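I set out to record what I looked up in this structure, entry by entry. The coordinates are shown first.

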Amino acid sequence: MSFDEIRERARLGRYPIRGGGARRAVPTFDDLTFLTASASRYPLEGYREHCATRTVLGAANARDPVVLEIPITIAGMSFGALSAPAKEALGRAASEVGTATTTGDGGMTPEERMSSKTLVYQCLPSRYGFNPDDLRAADAIEVVLGQGAKPGGGGMLMGQKLGPRVAAMRTLPEGIDQRSACRHPDWTGPDDLRIKIEELREATDWRVPVFVKIGATRVYHDVRLAATAGADVVVVDGMQGGTGATQDVFIEHTGIPTLAAVRLAADALADFPDVALIVSGGIRSGADVAKALALGADAVSIGMAALVALGCNDTVHDFGPASYADLGTTAGNCVACHTGGCPVGIATQSPGLQARLDPVRGAERVANYLRAITMETTMLARACGKADVHHLEPEDLVALTVEAAAMARVPLAGTEWIPGR
Amino acid sequence: MCGITALQLRDPGLRPRLGALMAAMMAQVAERGPDSAGITIYPEIAVLKGVGHPAVLATEWRLHEISGTQAVAHTRMATESAITAAHCHPFVVGDGLSLVHNGSFANHATIRRELLARGVAFDSDNDSEVAARFLAYRLDSGDDLEKALRLLCERFDGFYTLAVQTPDAFAVVRDVIACKPAIIAETPGWVAMASEYRALAVLPGIEAARVYEPEPEEVYLWTST
């Protein structure tokens, strides 16, 4: 902890809260590189030969499985943490490229339901805004056990963002900090979870898949238990995963890097061939997507990266009224999502700030970004000789650092050495 | 990177010449696979494999003296696994299924893990063995050879021309892009497949044969007479 951070606590007498994800350096997908084809393998021609990206989730149990045109979904972010135009923009972008977006704590808004072709409805410990009508309007249900930014902790929404609409949806008083429960009210262990999942299936007439989302900590056991409890899809959110607001100590000091989590989760699902794996937390580029798929994920989810594509940390409001400067930060460094003063209209409930975000133009940027990283993903897959991005495998990767080699369990580049093997 | 030759005799009168015809065919694709070679001869399911030039091996094996009903052979230029007799094709698995492969699979490590998890055992780290074991596993599960080969096309990524023989059948299949060479010739006396036409040109009656290139992801299957 820096002297400044000590002084901050000395001044406030409490812990700091912020948005964003872990900012410390941890091993990431950047520490891996692909062994693309030359003579012993053949690459596919990028301009003529097809490389499939379609991803089907939950076909074993659900009558209407989730069908994604790309293996990249948009992660759960609440209306409340995000503005209504931001939620709408994410829904529009996801629909345009044929993927799914996800609700968050606080329920489903009509705007996001209408703009999202495939909408995953979260069932969180707080149950704020959770109701059977929206449940039946969803294309999948995601039971949230935890989140990479704060595994073991509950959701949080500062009073500044609890405007009249958000407060009404959550049946909470306006302007008062909301600290959500860290565990579900009606079940604690995997035995109860199994019953909960059956209940959700019954309520939706076995129509839609059930996801279970966990923060990456004791990944192997948690994923196995989620699968045993009946999940169609397990979502594992690594420690780089972002949030709209949580205690800084959670963001930086809990969970394991996404890189380490993928392999553990894939191992845990080895005996569950029908259960899919979605990985999130720090996914930014097509290389990240391809590496996550190679290590065993069926799809990835993005949160922060979608917000950045939408305009988060854009330089247009560096100065002037309601700028980054007012939040004591600058464009590129802002993690003040929790304050509700988001200068670009994304993480705010202020009508004036929200008006800065045009959902249609924002959606175009997010859709462009999703298309671009999908192309990057297929580019790498083709270069590895794959006609389907899901055919990437751990053997296509080597590691550039000993730490990454140990976590991803791929050889250190130029050797056949996997630490611990 | 490898040469394939396969022959199924329809005319019983040719059976005493099976080994000699296969030796002549293999000699024509030796440049494609100078490291090592192997052959399965039916109906005995005699499997011969060795390291060295295919022509030398054929002489060592006294191949020209061997008779039979059908045979499938491979001349190998190794890609990723070692040059040993154990790594030579054909991979002979299950109830006498022999597979030879030209190309390289792109997702075989994953499929190997899936098969291992289902109790399938492997003899080598060769990618082609994964295809052979996959087919044997599907046949064990009740699929016929044609269905098993279709499932292989769905599941395997990469480049492949495969020739497969069982005691009852001979089949050829290629990947969706079909860039590894293959040519088929049929006469009333025999059906043959090879990586190059020159290996078919040594066969009796080739001038009157129906010669064609197999289409991508199409299963060609001939039952034994």
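**Conventions**

I worked with a predicted model, in which local features need pLDDT of at least 70 and side-chain atom pairs count only at pLDDT 80 or more, while totals for chains, interfaces and linings use all residues. Residues are numbered from 1 along each chain as its sequence is written, chains are lettered from A and ligands numbered from 1 in the order in which they are written, and side-chain values use heavy atoms, with hydrogens and water left out.

**Entry 1: salt bridges**

I took a salt bridge to be a side-chain nitrogen of Lys or Arg within 4 Å of a carboxyl oxygen of Asp or Glu. On that rule I noted 36 salt bridges over all chains. I numbered helices (H or I, at least four residues) and strands (E, at least two) as DSSP runs from the N terminus.

I looked up Arg113(A) and found it in a salt bridge with Asp139(A), with 2.9 Å between the closest N and O atoms. Arg113(A) belongs to helix 3 (residues 110-115) of chain A and Asp139(A) to the loop between helix 4 (132-137) and strand 8 (140-144) of chain A, so the pair ties together parts that are 26 residues apart in sequence.

Next I looked up Lys213(A), whose salt bridge with Asp237(A) has its closest N and O atoms 4.0 Å apart. Lys213(A) is in strand 11 (residues 210-215) of chain A and Asp237(A) in strand 12 (residues 233-237) of chain A, so this pair ties together parts that are 24 residues apart in sequence. I call a residue buried under 20% relative accessible area, exposed over 50% and partly exposed in between (1.4 Å probe, protein chains only). Lys213(A) and Asp237(A) are both buried.

A further salt bridge joins Asp396(A) to Lys386(A) at 2.8 Å, N to O. Asp396(A) and Lys386(A) each lie in the loop between helix 13 (359-383) and strand 16 (397-399) of chain A, so the pair ties together parts that are 10 residues apart in sequence. Asp396(A) and Lys386(A) are buried. I also recorded a network of salt bridges that links Arg18(A), Arg24(A), Asp248(A) and Glu252(A).

**Entry 2: strand 7 of chain B**

How many residues of strand 7 (residues 158-166) of chain B are buried? I found 9 of its 9 residues buried. One side carries Gly158(B), Tyr160(B), Leu162(B), Val164(B) and Thr166(B), the other Phe159(B), Thr161(B), Ala163(B) and Gln165(B), and both faces are covered. In a regular strand the side chains alternate between the two faces of the sheet.

I counted strands as paired if DSSP finds at least two bridges between them. Strand 6 (residues 97-105) of chain B pairs with strand 7 of chain B in the antiparallel sense over 8 bridges, and Leu99(B) stands opposite Val164(B). Strand 7 of chain B also pairs with strand 8 (residues 169-174) of chain B, again antiparallel, over 6 bridges. There the bridge partner of Val164(B) is Ala171(B). Strands 7 and 8 of chain B form a hairpin with 2 residues between them.

**Entry 3: chain B against chain A**

With contact defined as heavy atoms within 4.5 Å, I found 18 residues of chain B in contact with 16 residues of chain A. The buried area, which is the accessible area (1.4 Å probe) that two parts lose on being put together, summed over both, is about 1,300 Å², with 47% from carbon and sulfur atoms. Ala106(B), Asp157(B) and Phe159(B) supply 35% of the area that chain B buries against chain A, more than any other three residues.

I noted 1 salt bridge between the two chains. Arg113(B) and Glu395(A) meet in a salt bridge at 2.7 Å, N to O. Strand 6, helix 3 (108-117) and strand 7 of chain B each supply at least two residues of the side that touches chain A, and helix 3 of chain B gives the most, with 4 residues.

**Entry 4: helices 9 and 10 of chain A**

Helix 10 of chain A has 8 of its 9 residues buried, so it is largely enclosed by the rest of the structure. Its buried residues pack against elements including strand 5 (72-74), helix 9 and strand 15 (299-302) of chain A.
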